[in-house]
Amino acid sequence: MVKTPVPAEENVAPGHMGCPGCGACLALRLALKALGKRTIMTVPACCWAVMPGVFPYCSIQIPVLFTAFETAAASASGVRAALDAKGQKDINVLAWAGDGGTLDIGIQALSGAVERRDNIIYICYDNEAYMNTGIQRSSSTPIGAWTTTTPVGQTRAWKSEPKKSGVEIMAAHRIPYTATACVSYPEDFVKKVQKAASIVGPKYLQVLSPCPAGWKSDPERSIQIGRLAVESTVWPMYEVEDGVYTVRKPAKKVSVKDYFRTQGRFRHLGEKDIEEIQKTVDAEWELLLKKETMTARK
Amino acid sequence: MSRQPRSYKDLPLAPITYEDTREAFKTGSWRTFKPVVDNSRCKKCWICWKFCPDMSIRILEDGTGVEIDYDHCKGCGICATECPARCIEMVPED
């Protein structure tokens with residue numbers, strides 16, 4: 001047997017309907033490598049509701065429950081309750097939703113499930129807009145980005161509101177475990193999913209999944225773009241475990257401009273706009289480092 | 001496309017899927033560039049395999065390199081970009 005960097009087991013079959021270079025495909029592939037066959041997942045409307053293929057075929061090789069947009073967390077709670085009633089303890093319950101289905105439409109169900117301390121793993125694959133329906137803005141779209149509902153024209157109507165932070169919202173729920181991840185760091189992502197599976201109670205992960213179609217980037221650069229997002233600290237990688245922050249510091253730091261220049265959705269931004277965003281990103285990073293120092297275990 | 005249902009009568013009685021998408025959907029037809037591997041220069045890091053979003057790179061049983069599943073590879077080029085040995089090349093489909 002050849003030794004592989006991430007588990008060799010495949011639970012997603014090729015032939016799915018994802019775009020070439022899709023980060024979300026890789027995210028699910030890695031998540032199911034980490035969780036294994038003893039998993040039941042629920043999927044609301046999102047890219048992954050379409051990507052498994054047309055009935056009667058499905059590329060996901062574990063039981064999947066396709067549900068309504070707002071019910072990813074609620075249906076996962078239901079599956080867990082049913083398993084508890086049957087006395088089956090060794091099955092992971094995974095809710096797998098996009099950023100719109102998590103942070104806009106599904107947030108009350110998620111908040112409820114976390115507050116009830118339901119033993120589920122919730123993973124949000126964050127491609128920073130409603131990509132499946134045609135790149136509409138979501139509350140997870142970053143400031144300055146072009147989308148079809150924040151089109152860029154003479155009125156400069158790009159998205160002017162900052163991105164909502166799912167992990168911070170979950171940390172405020174006193175969740176046992178929450179973390180950000182990125183598909184460009186598969187070992188780290190697999191480790192975080194496995195750690196989440198080992199903890200009893202609600203777990204929330206948000207994984208940045210570059211989307212070539214919506215970000216107007218080259219498919220072959222998806223992994224590089226994810227890496228640049230982490231290195232520019234636009235997408236900081238950190239974990240919050242019972243309120244204790246652990247931040248992964250990037251080996252080298254790049255500017256926000258280097259990250260933005262890889263994507264067509266930021267093409268319209270001028271030097272001054274990027275400078276403004278750089279300042280916000282730096283301030284957020286400082287704040288995050290402060291949180292890590294403040295919450296460090298003595 | 002194998003076993004493609006012609007009417008509702010061909011569909012299963014319950015919403016249970018027949019099989020995975022491997023046979024029914026050959027997504028290799030989407031490709032404009034195809035990756036070609038030179039296994040003699042392969043460093044066996046399996047980075048291409050790790051990053052393939054289409055599960056289309058298979059590690060050879062004897063560990064001497066990788067093999068590409070041209071039936072399903074969509075030609076995104078992530079493997080060629082990420083390969084540290086630069087032994088995967090993207091060539092136009094004929």
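**Ground rules.** I worked from a predicted model, in which local features need pLDDT of at least 70 and side-chain atom pairs count only at pLDDT 80 or more, while totals for chains, interfaces and linings use all residues. Residues are numbered from 1 along each chain as its sequence is written, chains are lettered from A and ligands numbered from 1 in the order in which they are written, and side-chain values use heavy atoms, with hydrogens and water left out.

**Entry 1, the interface.** I looked up the contact (heavy atoms within 4.5 Å) and found that 43 residues of chain A and 40 residues of chain B take part. The buried area, meaning the accessible area (1.4 Å probe) that two parts lose on being put together, summed over both, is about 3,200 Å² for chain A and chain B, with 67% of it on carbon and sulfur atoms.

I then looked for salt bridges, that is, a side-chain nitrogen of Lys or Arg within 4 Å of a carboxyl oxygen of Asp or Glu, and two of them cross this interface. One of the pairs I noted is A:E187 with B:K50, whose closest N and O atoms are 3.0 Å apart. On the side of chain A that touches chain B, the elements giving two or more residues are helix 1 (23-35), helix 7 (186-198) and helix 9 (222-231), helices being DSSP runs of H or I with at least four residues and strands runs of E with at least two, numbered from the N terminus. Helix 1 of chain A gives the largest share, five residues.

In one of them, A:D126 and A:K163 meet at 2.6 Å, N to O. A:D126 lies in strand 4 (residues 121-126) and A:K163 in the loop between strand 4 and helix 6 (166-171), so the pair ties together parts that are 37 residues apart in sequence. For exposure I used relative accessible area (buried under 20%, exposed over 50%, partly exposed in between; 1.4 Å probe, protein chains only): A:D126 is buried at 0%, whereas A:K163 is partly exposed at 24%.

A:K192 and A:D188 form a salt bridge with closest N and O atoms 3.0 Å apart, and both residues are buried. They are four residues apart in helix 7 of chain A, and therefore separated by about one helical turn. I also noted A:K249 with A:E292, at 2.8 Å, N to O.
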